[in-house]
Amino acid sequence: MTRGTIMLLAALAAGPATAEGKSYDVPSGQPVSLLEAIWEDGAAAPLRLRFLAPRIAQADGGITFAEAESDLAHLCKTVALPLIAEAGRTPARVIVSLSDRAVPHGQADPEATQFFEAFRPEDGRCIWEAF
C-alpha cells in the first residue's frame, strides 16, 4: 500500500461523509455516488474522485455534459475540499469524473459514458482548469 493510499484510507475512516458508495446531492438532481477516491503520489499528482452517475448514459432524458458540468464543480467543492482539509495535504489538481457504470481506473470501456473535469484547489475554492 502506498503512503497516499494509507492517507486516503485514514481520511475515509475519520469521516463517513466521503465513504465509497455514499450518495451526494448535485445541482442536476441526478443520483450520484462515490466509486472511489484516489490520492496519487508525487509533487504534481492529483486527487481523483470517481463517481457513478447512471443517468448520463440515457439517450432520451439523460443528463448532458452541459447539465453535469455544474455537478462536477459542486462535487469538487463539497467532497474534494473537505477531504483535502481532513488529509492535510493539497494535491496539484482534483480530477472529478462521472461514469454511467463502474469502470476500473485506467481501463477503457467503449460502451461507457464518462465526463471529466480538472480543478486546482486554491484558497478553499475549486478553480476549473482545462485539460
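Reader: Let's start with the sheet: how many bridges join strand β5 to β6, and do they run parallel or antiparallel?

Author: Happy to, and please keep in mind that this is a predicted model. Strand β5 covers residues 114–122, and one of its residues, P121, has C126 of β6 as bridge partner. The two strands run antiparallel, and the number of bridges that join them is five.

Reader: Which strands stand at the edges of the sheet?

Author: The sheet is open and mixed in its pairing, with six strands in the order β1-β2-β3-β4-β5-β6. The strands at its edges each have a single partner strand, so one side of each is left without a neighbour in the sheet. Those two are β1 and β6.

Reader: What pattern does the protein chain follow along the sequence?

Author: The protein chain holds two helices and six strands. Read along the sequence, they give the pattern α-β-β-β-α-β-β-β.

Reader: What angle does the direction of α2 make with that of β5?

Author: Helix α2 packs on the sheet, touching β1, β2, β3, β4, β5 and β6. Against the direction of β5, the direction of α2 makes an angle of about 45°.

Reader: Which element gives the largest share of the largest nonpolar core?

Author: That core has 27 residues, and among those with the most contacts inside it are L75, V96 and L98. Two or more residues come from each of β2, β3, α2, β4 and β5. L75 is in contact with V32, L49, F51, V96 and L98, among others. The largest share, ten residues, comes from α2.

Reader: Is C76 buried or exposed?

Author: A residue counts as buried when its relative accessible area is under 20%. C76 has a relative accessibility of 0%, so C76 is buried.

Reader: Next, E129: what separates its C-alpha atom from that of A118?

Author: E129 is found in strand β6 and, at 15% relative accessibility, counts as buried. Contacts of E129 include R93, E117, A118, F119 and R120. Although E129 and A118 are eleven residues apart along the chain, the separation of their C-alpha atoms is 5.3 Å.

Reader: And R50: which side chain does a polar contact of 2.3 Å join to that of R50?

Author: R50 has its place in strand β3 and is buried, with a relative accessible area of 11%. Beyond its neighbours within four places in sequence, R50 is in contact with residues including S33, E36, S97 and H105. The side chain joined to R50 by the polar contact of 2.3 Å is that of E36.

Reader: To finish, what percentage of contacts with a separation of 6 or more comes from residues 24 or more positions apart?

Author: The protein chain has 131 residues, of which 41% count as buried. For contacts in the protein chain with a separation of 6 or more, residues 24 or more positions apart account for 57%.

Definitions and conventions
Residues numbered from 1 in each chain as written. Predicted model: local features only at pLDDT ≥ 70, side-chain atom pairs only at ≥ 80, totals over all residues. Heavy atoms only, no water. Buried < 20%, exposed > 50% of the residue type's maximum accessible area, 1.4 Å probe, protein only. Pairing = 2+ DSSP bridges. Helix = DSSP H or I, 4+ residues; strand = E, 2+ residues; numbered from the N terminus. Contact = heavy atoms within 4.5 Å. Axes fitted to C-alpha atoms, helices over the stretch in contact; angles between N-to-C directions. Core = buried A, V, L, I, M, F, W, Y, C linked by side-chain atoms within 4.5 Å. Polar contact = N/O pair within 3.5 Å; in protein donor to acceptor, adjacent residues only side chain to side chain.
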